[in-house]
Amino acid sequence: MTTLLDVRDLTVRFGQTRAVDGISFTLDEGETLGLVGESGCGKSTAALALMGLLEAARLDGSASFGGRDLLALDEARMRSIRGAELAMIFQDPATALHPLIRVGDQVAEVLRTHLGSNRREATARALDLFRKVGIAAPEVRLRAYPHEMSGGMCQRVMIAAAIACSPRLLLADEPTTALDVTVQAQILGLLRDLSREFGMAMILITHDLGVVAGMTDRVAVMYAGRIVEAAPTGALFAAPAHPYTVGLLGSVPRLDAGWDDDLATIPGSVQTAADASGCRFAPRCARASNACRTEPALIPTGEGRAVACWHPA
Amino acid sequence: MRRYVAARLGQAAVLLLGVSVIGFALMHLAPGGPLALYTLNPTVTAQDIERVKHLFGLDQPVYVQYVKWVYGFLSGHWGYSFFGGRSVAPIVLERIPATLELMGSSLLLALAMGVAIGIWAAVRRNTLVDYGTATVAMLALSLPTFWFGLLAIYVFAQVLGWLPAGGIETTGNGSLIDRLTHLLLPMLVLALVLTAQWSRYTRSAMIDILTQDYIRTARAKGLGPVRVLVGHGLRAALVPLVTLAGLQLPLLVGGALVTETVFSWPGMGLLFISALDNRDYPVLMAILMVGALFVVLGNLAADIAVALIDPRIRLSHV
């Protein structure tokens, strides 16, 4: 497997706030990585930084994508990669699509921009893509507006636009959070099938460990702007090492729990990265000790695992 | 759609009736009258006044005059001017092309410039460009149109001598160039205020739209800046902007009135001012109705245009 994306010490600053604080990870061609964490932990910000879509942010570090540093490219070069080799889909398909443009045209314009297709070619290809992502009656749907379609259908349109130019990497930012549970499974299945069929690598950003379980090869857990644990998906679920990961897994509601049992939670709330010194999870951590006043680095522990903790489980 | 338009036209008829009642009443409530000047003239006897009053029908009760006027107006007989005795319809209608020429060209210019400046300021918000355009726009909005008109005449006609001070063409020379040089100053002056308003509206609409998710999607697709700003951003801004264009029509009509007066532009505005001075009731009422009809139809056109732009809006019910 060749490395597709190599992110080193990615830091995103908004003024004084470090939303993402020196994260590093790699991704192989065709591999699927889950990026997991609570809202506000910086996972979406990291993805937007890779896309070059952050305004008024200062970026540091590097992100080598097929030999080019995404963080160093100028806007014109970045534009030729965006939507072509590197695509992204978003959380709320209802607002991510333009309300006044027919969905077929919203897919076709990607092809016209990057492949120089004329209107007829682009529309014909959009029809193929609609079939590929499982939109019923695609000929009719091409001419529909987003408000005439369900959330799941809109997300399928977003996916069709994202895969239009067969990207090498798809960033999926909470792609199923805004959808009904039954539709969630369909969309996730579609993403998995597409990624396998095209050998497309994927970063699946979610706060929902259940989404990650059947979908990803590896998982990176983020907390307050840093990656605290990375591991193959199966190993992470079997034996979480970081106390935060342990807490996250413990917080997943269980069907076999008693009806009057309290839901498990992690006490406290996320500290912002700005006022942190030492381990950021320490204030909420039962295992915290004096050692945790010094920030732990993300140390490989073998078998493709790494954890940033002085007292791993 | 057809039912909607029919219903709106019905509403418009009621509205125009209201406008005519209020206009007619205000006109007759105002002190003086078409013959006020002659009562001071020693050579005009009281019998003469009475005779002319009877001739014009001014000796009848106001409501009788109104009903007669409505009946005449609807049957295409708009009466005769009190001054000169010409039939009112041609007096008013022959002025429409000049007014449309001035208003149309100003509106187009103001739309193009205002929208462009507004987008520019929105993209560069909170920079020198934004503050600079805001300052100029506030200046243009705060100072009255006639003042800008007089300033323009002083600078470009008086001092520099580049452009004519007024009128629509040099008598005896109706060439296109000649007409355009006459149009330039009044067009710019009328467009100034409109441009200022449009740039502000466009800016705020675009600032709101540029934070929307679908703009981020457009950028994520790798579309170029023009495609993102115009194809996606301005397209969404068209809905509020077209609505505003409809609401702005009365302002445009009012602005044209002042501008026409300052530049002696032979349109309906200039005619309205002179008819007002003379209390030329039939002419005043005709202009009032034509102006009101223009505003009402313009608003209807704006509403239909919004429905065509935004598929979420259905014109099925009123």
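This is a predicted model: local features need pLDDT of at least 70, side-chain atom pairs count only at pLDDT 80 or more; totals for chains, interfaces and linings use all residues.

Visitor: What does the accessible surface of chain A come to, and what share belongs to carbon and sulfur atoms?

Guide: The surface of chain A amounts to about 13800 Å², and carbon and sulfur atoms account for 51% of it. As for burial, 50% of the 313 residues of chain A count as buried.

Visitor: How does the radius of gyration of chain A stand against that of a compact globule?

Guide: A compact globule of 313 residues would have a radius near 20 Å; chain A has 20 Å, so the two agree. The C-alpha trace of chain A spans about 65 × 50 × 35 Å along its principal axes.

Visitor: Which secondary structure elements does chain A hold?

Guide: Chain A has 11 helices and 12 strands. Of its contacts between residues at least 6 apart in sequence, 64% join residues at least 24 apart.

Visitor: Let us turn to one residue. Is A:Glu109 buried or exposed?

Guide: A:Glu109, a residue of helix H4 (residues 103-114), has a relative accessible area of 6%. Buried means under 20%, so A:Glu109 is buried.

Visitor: Which residues are in contact with A:Glu109, leaving aside its neighbours within four places in sequence?

Guide: They are B:Lys221, B:Leu223, B:Arg227 and B:His232. With B:His232, A:Glu109 also forms a side-chain polar contact of 2.9 Å.

Terms used. Residues are numbered from 1 along each chain as its sequence is written. Chains are lettered from A and ligands numbered from 1 in the order in which they are written. Side-chain values use heavy atoms; hydrogens and water are left out. Helices (H or I, at least four residues) and strands (E, at least two) are DSSP runs, numbered from the N terminus. Buried means under 20% relative accessible area, exposed over 50%, partly exposed in between (1.4 Å probe, protein chains only). A polar contact is a pair of N or O atoms within 3.5 Å; within protein, one must be able to donate a hydrogen and the other to accept it, and residues adjacent in sequence count only if both atoms are side-chain atoms. Contact means heavy atoms within 4.5 Å. The radius of gyration is taken over C-alpha atoms; the globule rule is 2.2 Å times the number of residues to the power 0.38. Accessible areas come from the Shrake-Rupley method with a 1.4 Å probe; for residues, only the protein chains shown count as cover.
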